[in-house]
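Here is a briefing on one protein model. Keep the sequence and the 3D view open as you read. Each group of points takes up one topic.

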Amino acid sequence: MNLVWLVLFLFLCIGRYTEGGLKNEVVNIGAIFTFSTINGKVAKIAIKAAEQDVNSDPSVLGERKLAITLHDSNFSGFLSIVGALQFMESDTVAIIGPQSAVMAHVLSHLANELHVPLLSFTALDPTLSPLQFPYFIQTAPSDLFQMTAIADMVSYFEWREVIAVYSDDDQGRNGITVLSDKLAERRCKISYKAALPPELKTTRAQVFDELVRIKMMESRVIVLHTFSKTGLLVFDVAKYLGMVESGYVWIASTWLSTVLDSTTISSKTANSIQGVLTLRPHTPDSKKKREFLSRWDQLSNGTIGLNPYGLYAYDTVWMIAYAVKKIFDQGGNISFSNSTTGTGLLGGKLNLGALSIFDGGQQLLQNILHINMKGLTGPVRFGPDRSLLHPAYEVINVVGSGFRQIGYWSNYSGLSIVSPETLYAKPPNRSRANQQLHGVLWPGEITKRPRGWVFPNNGRQLTIGVPNRVSYRDFVSQEKGTDDLHGYCIDVFTAAVALLPYAVPYKFVLFGDGLKNPSYNQLVYKVFSNDFEAAVGDIAIVTNRTKFVDFTQPYVESGLVVVAPVKKSNSSAWAFLRPFTPLMWAVTAAFFLIVGAVVWILEHRINDEFRGPPKKQIVTMLWFSFSTLFFSHRENTVSTLGRVVLIIWLFVVLIINSSYTASLTSILTVQQLSSPIKGIETLIASNDRIGFQVGSFAENYLSEELDIPKSRLVALGSPEEYATALESGAVAAVVDERPYVEVFLASHCKFTIVGQQFTRSGWGFAFPRDSPLAVDMSTAILALSENGDLQRIHDKWLKNKICSDNSQLEPDQLQLKSFWGLFLMCGIACFLALLVYFCMMFRKFSREFPEEGPSVHGSSHNSRLQTFLSFVNDKAGGSKGNSKRKREDTPFDSNDREEDESRNGSRLNGDTRL
């Protein structure tokens, strides 16, 4: 606040004090601009035209008149302060301006104290917060929206990095800060910020030095946020340096569109801005706007063209006029009172009581913020954040001596090729598919979208880190006595670089001490910390590494597998038992007996083939059950329940038979290898030691993801150490990536992969985050894969060694868990069939042998049970319930007759015959 009191001290030094109040017949308004600038010239004409139109319309202020006093600050902050104090002395109700954001920050403190609203359409610094400066109002779209539009354009054209060139003042710095934030939201960034001195202080030498520095950088997308004089100087120097040629992209803020709208540019200037993109505030077409355009030549005498900021200047005057009118309509008046704020400053030597405070300042401010009118710029209303509703810009492409409009940007729907007014009637849609612009003629008169970055021709090479491996040197190795590197990974990289549409100067730098394989996590971190600009080698793409760098498309598939020692399984006389586990054999045999017994029970009463002496029935039951194994049973089933059980059992036998045959064939015809390790699950469940390759991510994966104690992990440095550790039993198995394992197994046939690959990943090249080279290299790797070069490189390095032993692991024995569903189905069928059968028998028995008079409880139940069992054992044709025709047509053999003769006696004696 001391700054405010210093300003007021300057006011006192001028020696002019406020006397009396403002007469209601005249409403004083001030305007502070630099009238030698384009916007200053246009604003001066537009403000005076608005003053004349307001005063000529009695419906606005009636008999009262607006009196707008113009003050030329002439690029001077001091003169801006003096002008503001002069306006305060003359009881001014509002001030239009200042033109620059620097002075807006200063004068807003004064406006806060004296309650005089400041309205500016050119000081558009997004940090001029209404919370800090409540009496400052931006009557044109803030630079917040302009920078959002530029960020959307960068994202639309798929550029990742830009260079920002700006004037080093409040509006320039704060605008670029907002641009950086908006680009970050779209995963883009500003790679370099080039600050130029403020307007009038910028020299050609300073611009030259900055542009030479920029030319040596990679990014070719340049955002220029400055003022007209500095901006045209930048383009003139850029043309001289060859920076407005093919490959470059220039995006200028709205200053360039004001130059194109309001001045006639020379052919030299036109040549320096060819292909540039710029923004212009969008104002919808209207009758009122067209009428004002027709008046402009007369108002300006043809000295300058109208630009959108002239329309905002005109509307700003009308905002104030309508806000003052509302005060009068509400019965208020305009009055000022002396300020006592700051009395006693500097020991009471300053007489600040002469300062006037606008008593209606708060009411005027609220009236302006609640304005709802139709001006030259379209509907004028402020939102809750005190910014104009529906800010929009036109996207312009400079072509020849003029320009063409290629689309629009609005805060409502982003980039489009239709006017924002059309989109306001539809739901907002900011999806990428909905963002559209017409074609652009870029610098160098090309229509193809520039890539936006290049490798600069500055003699600097790309520093690429390469792991200095001591094992598996087929992937990466150094020629002895030279600096040359070769190997599978190196060949893939050089082949991909050869497919890029531009030259990439690079040099390989070995990473590691050469005594052991380096840590690949540290190599990746070197890229993240900018010690290397890329990393090339057998680098696995894993989650933790993708947090720091970007990887290319994988050029080889990878993943962790388990390698274990194996032994040959020799054939024996009992090899035919190996397809099934002992439990499987036992359950299968049991079910043969169970099914045979069930079928015998169901068929015994009605089927002669299942009757006879006990010995014969036992033999029949056993024969029938085991003969179903070969589908060679001779006995026919008569009952429905028996046939259902038999059909289900035959289906089970078919599956078991087929599985046994396939497994036995494999065992007898292929040389088998066996290992106690079946996969990663076996290792997790055991306490055996596990080997891993030094430098591999396998160590972290096993300990962190699978919770295997580090005490069980053994670091191994070479294939020879793998073989020694596995043969000696120092480790039960080795966990490593598949490409390494394939090379290892090519010369070590005593070992093999057990189980399934339990991770899925690949190898890629690492680049810094958001590096465009990573994208282009991925495209090149895909091209190598499609044209077959990637496979040829693989065959050259990794397919020249093939193990002669084609052994394979012994297949697992067929276990009960693979067939329990079939056995369960068969068991349920047997149980249900027996249940139904005995229910039917009990019902028949109850009808034929109803219970007779009371008897001793225990003996009665035993007698009926014996009678029931005898009934079930009897042949159905000889029972009491059989029909006469059945008795006549069914002959009895001698055994049946004996049974019939002794039936009654057996029932009485309780004899149960099997």
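Helix 6 and helix 7 cross in a right-handed way. This is a predicted model.

**Helix 6 and helix 7**

- Two packed helices are described by the angle between their axes and the distance between the axes.
- Helix 6 covers residues 143–156, and helix 7 covers residues 170–185.
- Their axes come within 9 Å and cross at roughly 45°.
- Angles under 35 degrees count as roughly parallel, and 65 to 115 as roughly perpendicular. Helix 6 and helix 7 are therefore oblique to each other.
- On the helix 6 side, the contact is made by Asp143, Leu144, Met147, Thr148, Ile150, Ala151 and Val154.
- On the helix 7 side, the contact is made by Gln171, Gly175, Val178, Leu179, Lys182 and Leu183.
- By class, the contact of helix 6 with helix 7 has eight nonpolar, three polar and two charged residues.

**Helix 4 and helix 5**

- Helix 4 (residues 77–89) and helix 5 (residues 101–114) have axes that come within 10 Å.
- These axes cross at roughly 20°.
- Angles under 35 degrees count as roughly parallel, so helix 4 and helix 5 are roughly parallel to each other.
- The crossing of helix 4 and helix 5 is right-handed.
- Helix 4 brings Gly77, Ser80, Ile81, Ala84, Leu85 and Met88 to the contact.
- Helix 5 brings Met103, Val106, Leu107, Leu110 and Leu114.
- Which classes of residue make up the contact of helix 4 with helix 5? There are nine nonpolar residues, two polar and no charged ones.

**The nonpolar cores**

- In soluble globular proteins, nonpolar side chains tend to be buried together.
- The largest nonpolar core holds 107 residues. Leu211 and Trp250 touch the most other members.
- Helix 13 (residues 308–329) gives the largest share of this core, with 14 residues.
- Which residues does Trp250 contact, leaving aside its neighbours within four places in sequence? They are Leu211, Ile222, Val234, Phe235, Ala238, Met243, Val244, Val276 and Leu277.

- Most residues other than glycine have a negative phi, and most peptide bonds are trans.
- Gly97 and Pro98 are joined by a cis peptide bond, with omega about 0°. Pro98 sits in the loop between strand 3 (94–96) and helix 5.
- Arg386 is not a glycine, yet its phi is positive, near 70°. Find Arg386 in the loop between strand 14 (378–380) and strand 15 (392–399).
- Is Arg386 buried or exposed? Its relative accessible area is 18%. Buried means under 20%, so Arg386 is buried.
- Glu445 also has a positive phi, of about 60°, although it is not a glycine. Its place is in the loop between helix 15 (420–423) and strand 18 (462–467).
- Exposed means over 50% relative accessible area. Glu445 has 66%, so Glu445 is exposed.

**Two buried phenylalanines**

- Phe133 lies in the loop between strand 4 (118–120) and strand 5 (136–138). With a relative accessible area of 1%, Phe133 is buried.
- Phe133 and Ser108 are 25 residues apart in sequence. In space they are 5.9 Å apart, C-alpha to C-alpha.
- Leaving aside its neighbours within four places in sequence, Phe133 is in contact with His105, Ser108, His109, Asn112, Leu128 and Arg386.
- Phe823 is in helix 28 (residues 820–848). Phe823 counts as buried, at 4% relative accessibility.
- How many residues separate Phe823 and Phe591 in sequence? They are 232 residues apart, but 7.9 Å apart in space, C-alpha to C-alpha.

**The whole protein**

- The protein has 32 helices and 34 strands.
- It has 914 residues, and 52% of them are buried.
- Take the contacts between residues at least 6 apart in sequence. Of these, 73% join residues at least 24 apart.

Key
Residues numbered from 1 in each chain as written. Predicted model: local features only at pLDDT ≥ 70, side-chain atom pairs only at ≥ 80, totals over all residues. Heavy atoms only, no water. Core = buried A, V, L, I, M, F, W, Y, C linked by side-chain atoms within 4.5 Å. Buried < 20%, exposed > 50% of the residue type's maximum accessible area, 1.4 Å probe, protein only. Helix = DSSP H or I, 4+ residues; strand = E, 2+ residues; numbered from the N terminus. Contact = heavy atoms within 4.5 Å. Axes fitted to C-alpha atoms, helices over the stretch in contact; angles between N-to-C directions. Parallel < 35°, antiparallel > 145°, perpendicular 65-115°, else oblique. Left-handed = near helix turned anticlockwise from the far one by under 90°. Nonpolar A, V, L, I, M, F, W, Y, C, P; charged D, E, K, R; others polar.
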